[in-house]
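Reader: Walk me through this chain, please. Spell out the terms as they come up.

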Amino acid sequence: MGWSIRLFSWGGTAVRMHITFLLLLAWIAAVQWSRGGAQEALSGVLFILVLFGCVLLHEFGHIWAARRYGIRTPDVTLLPIGGVAALERMPEKPSQEIVVALAGPAVNLVIAVVLIAALGLRFDPAQMSLDALQQTFLAQVAIANVVLLVFNLIPAFPMDGGRVLRALLAMRLGYARGTKVAAGIGQILAVGFAFLGFMGNPILVLIAVFIFLAAAGEAGMVEARELTRGHPVTEGMITAFEPLGVTATADDAAALLLRTTQQEFPVLDGAGRLRGVVTRKAIIEALREGSGAKPALEIMEADVPAVPASEDLAAAASLLRRSRAGFVGVVDRSGRLIGYLTPENLSELMMIGASRDKSGTGWLGG
């Protein structure tokens, strides 16, 4: 979720807007201007802003429900295709996942019912038609919330309906198998969305791409968690590495970059404790600015998580996915760095572990 702007914080959750959302507003304004001038453009942009206000409330429905089960949500990001709440994790109990998944659409249902009641409309198919409801601004918002409600309940994982489907499948097939089946169904539906989108709705194409990739990504995460659960982090960490000292410079880091295959270099103090990590990107940026003599302490990412050697590999992998640095250190009882995890070595570990598991030779041949 790079390229996002922090708007405000609500209840411990940062609300962000992706920069592409501004492109959506510009596109809506241009289309409406061509149809009816400045007044139409203003009305179109205002409607989108109110609609995405409803989308934001939808996401906070998920957030508040997840909070009941001790799940925090650091941020939520508004995209042209909707909102994405970055829950730390999804509850593994199917009943809890159903509650969290349905909490978002429930918010849209409440908004729609309140607006319909305020407008004095009866809830019947005739009055819910586009022609009947497009007469007033509030009526348009009401029907938009009904559309959001229905669309989000489509069983296309990882949409809300797809999460409900995954939870129901998990009750019978287990969490990992249920996720794999739900992801497959979600990807099939995504292909259908893309086909419809190519007939004149580019937003639907973007939604289809998001669903297809997100379904594959979450299925992979669940598979990784199942493979790594019950194994200590020491079974998957990198142990052969070149560190940087606290007196090292960007030039020293560049020399190591050339001499080794590492893409990141932990910065250690005299006692071997982790101070931060210098990434390949930070090294190149420092050299491009002509700052080769800049201390490693000034170009390193200091907010780096570390776990004890006894930590479960699955928990460390989950922490790695949330780490901005793409790095999780592993320390011994004295706090000395003895290894670390990166997304690249975790991916290789998953490939090896999955292959061993299918061949029946056990985790990493053990």
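Author: Helices (H or I, at least four residues) and strands (E, at least two) are DSSP runs, numbered from the N terminus. This is a predicted model, where local features need pLDDT of at least 70 and side-chain atom pairs count only at pLDDT 80 or more, while totals for chains, interfaces and linings use all residues. Residues are numbered from 1 along each chain as its sequence is written, and side-chain values use heavy atoms, with hydrogens and water left out.

Reader: OK, how many helices and strands are there in the chain?

Author: Picture a box of roughly 75 × 55 × 40 Å along the principal axes, filled by the C-alpha atoms. The secondary structure in the chain comes to 13 helices and 10 strands.

Reader: What percentage of the 366 residues is buried?

Author: Buried means under 20% relative accessible area, exposed means over 50%, and partly exposed is in between (1.4 Å probe, protein chains only). Out of 366 residues, the buried share is 45%.

Reader: Now the charges. Is arginine 166 buried or exposed?

Author: Arginine 166 has a salt bridge (a side-chain nitrogen of Lys or Arg within 4 Å of a carboxyl oxygen of Asp or Glu) to glutamate 97, the closest N and O atoms being 2.7 Å apart. That pair joins distant parts of the chain, from helix H6 to helix H3 (residues 94-118), 69 residues apart. Glutamate 97 is at 1% relative accessibility, so it counts as buried. Arginine 166 has 0% relative accessibility, so it too counts as buried.

Reader: Which residues are linked in a network of salt bridges?

Author: Besides the pair above, arginine 163 and glutamate 218 form a salt bridge at 2.8 Å, N to O. Here helix H6 supplies arginine 163 and helix H8 (residues 202-228) supplies glutamate 218, 55 residues apart. Both of these residues are buried. The network is made of Glu97, Arg163, Arg166 and Glu218.

Reader: How many salt bridges does the structure hold?

Author: Another one is between aspartate 332 and arginine 336, with the closest N and O atoms 3.2 Å apart. Arginine 336 counts as partly exposed because its relative accessible area is 40%. The total for the structure is six.

Reader: Which residues is methionine 17 in contact with, beyond its neighbours within four places in sequence?

Author: Methionine 17 belongs to strand E2 (residues 13-18), and its 12% relative accessibility is why it counts as buried. Its C-alpha is 8.5 Å from that of valine 76, which is 59 residues away along the chain. Contact means heavy atoms within 4.5 Å. By that cut-off, and leaving those neighbours aside, the partners are Trp3, Ser4, Ile5, Leu7, Leu22 and Leu78.
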